[in-house]
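Try each task before you read its solution.

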Amino acid sequence: MDSLETELERARALEESELADAIETIGFECTRCGACCKAESACGEGEESADEAVDAPDENADSAETDAEPHTATVFPDEIRQLQAAGEYDFRDVARPMPYGLADGPEGPEGETFEWALQTDDCGDCTFYAEGDDGTGACTVHGDRPLICQTYPFSVALGGTSQPMGEAVDEEGVVRAHECEGLGRDISRADAEELAAALKERAVRELTEAIGVRDTYRPVDPSAGQVVVHDSEGAKRPDGSPYE
């Protein structure tokens, strides 16, 4: 991979019209299925399976919870503050340490990580996700949602940028499309251009953040049971306060 600075220059040089062309070619329309906002496995399987679970062995009682892979969507420090301001949320209402890189200690996760993820509920779903009686999903902070959410299921193939939800299932130029039932549907030029602008902004921001993390990183030695998050603003505790 080229240096982060080189990749950042490539991101800044991306032509939004070309990104929009690629998005149009791939095609996309959000079906509001909620799959990109939820854990990979459901928290529960409904009343029928709950009844069936009454006589199940203890080791299976929590299988839905233990098998679930919590939703992980990267959120930048300023996006956390924007969401806090939008709903008067506490820091931990909005974000949690990205679990990758953390170890399971006797008192819970511990160690160092280098990103923030949107907070999740007890089922592992994004805490800002809501589902209507008809099963249609909605974001309760849609106007302030992070760039990762604005641009899903797309990413750009640049070193140092994130590739959400596994491997790409389609591609066109530098644009990659990740698993989503809305792919392949018609998209208007205006919507493609809006998505392209957000996709370029996200690529630039991801690389700027990565450079900031690299430049501000200072080794720490967290005690047992402690978690430290390194972002572009320095080392922080899980509540967003500086780690000193």
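**Exercise 1. A strand pair and its sheet**

Solution. Next, look at the whole pair: β2 and β5 (residues 116-118) run antiparallel over three bridges. Strands here are DSSP runs of E with at least two residues, helices are runs of H or I with at least four, and both are numbered from the N terminus. Two strands count as paired if DSSP finds at least two bridges between them. Now widen the view: the open sheet has three strands in the order β1-β5-β2, with antiparallel pairing. β1 (74-75) and β2 (95-97) each have a single partner strand, so one side of each is left without a neighbour in the sheet.

Before going on, a word on the ground rules. This is a predicted model, in which local features need pLDDT of at least 70 and side-chain atom pairs count only at pLDDT 80 or more, while totals for chains, interfaces and linings use all residues. Residues are numbered from 1 along each chain as its sequence is written, and side-chain values use heavy atoms, with hydrogens and water left out.

**Exercise 2. Two partners of β4**

Task: work out in which sense, parallel or antiparallel, β4 pairs with β3 and with β11.

Solution. Take β3 (residues 103-105) to begin with: its pairing with β4 (residues 108-113) is antiparallel, over three bridges. D104 has P109 of β4 as its bridge partner, and two residues lie between the strands of this hairpin. Then turn to β11 (residues 227-231), which pairs with β4 in the parallel sense, again over three bridges.

**Exercise 3. Helices against α9**

Task: describe how α2 packs on α9, and then how α1 does.

Solution. For α2, the axes come within 8 Å of α9 (residues 189-216) and cross at roughly 120 degrees. Axes are lines fitted to C-alpha atoms, for helices over the stretch in contact, with angles from 0 to 180 degrees between N-to-C directions. That makes α2 oblique to α9; angles under 35 degrees count as roughly parallel, over 145 as roughly antiparallel, 65 to 115 as roughly perpendicular and the rest as oblique. Residues of α2 in the contact (heavy atoms within 4.5 Å) include L19 and I23, and those of α9 include L195 and L199.

For α1 (residues 4-12), the angle to α9 is about 160 degrees and the axes are 9 Å apart. That makes α1 roughly antiparallel to α9. Among the residues that meet are L4 and L8 in α1, and L207 and I211 in α9.

**Exercise 4. Two backbone details**

Task: locate the cis peptide bond and the residue other than glycine with positive phi.

Solution. The cis bond joins Y152 and P153, with omega about 15 degrees. P153 sits in the loop between α8 (147-151) and β8 (154-156). The positive phi, near 60 degrees, belongs to R32, in the loop between α2 and α3.

**Exercise 5. Confidence**

Task: where is confidence lowest, and where is it highest?

Solution. Begin with the average: pLDDT, the predictor's confidence in each residue from 0 to 100, has a mean of 88 in this protein, and 87% of the residues score at least 70. The lowest mean, 39, falls in α3 (residues 47-52), and the highest, 98, in α2 (residues 16-26). Over residues 45-66 the pLDDT is below 50, and this stretch has four contacts in the model beyond near neighbours in sequence. Where pLDDT is low, the predicted coordinates should not be read in detail.
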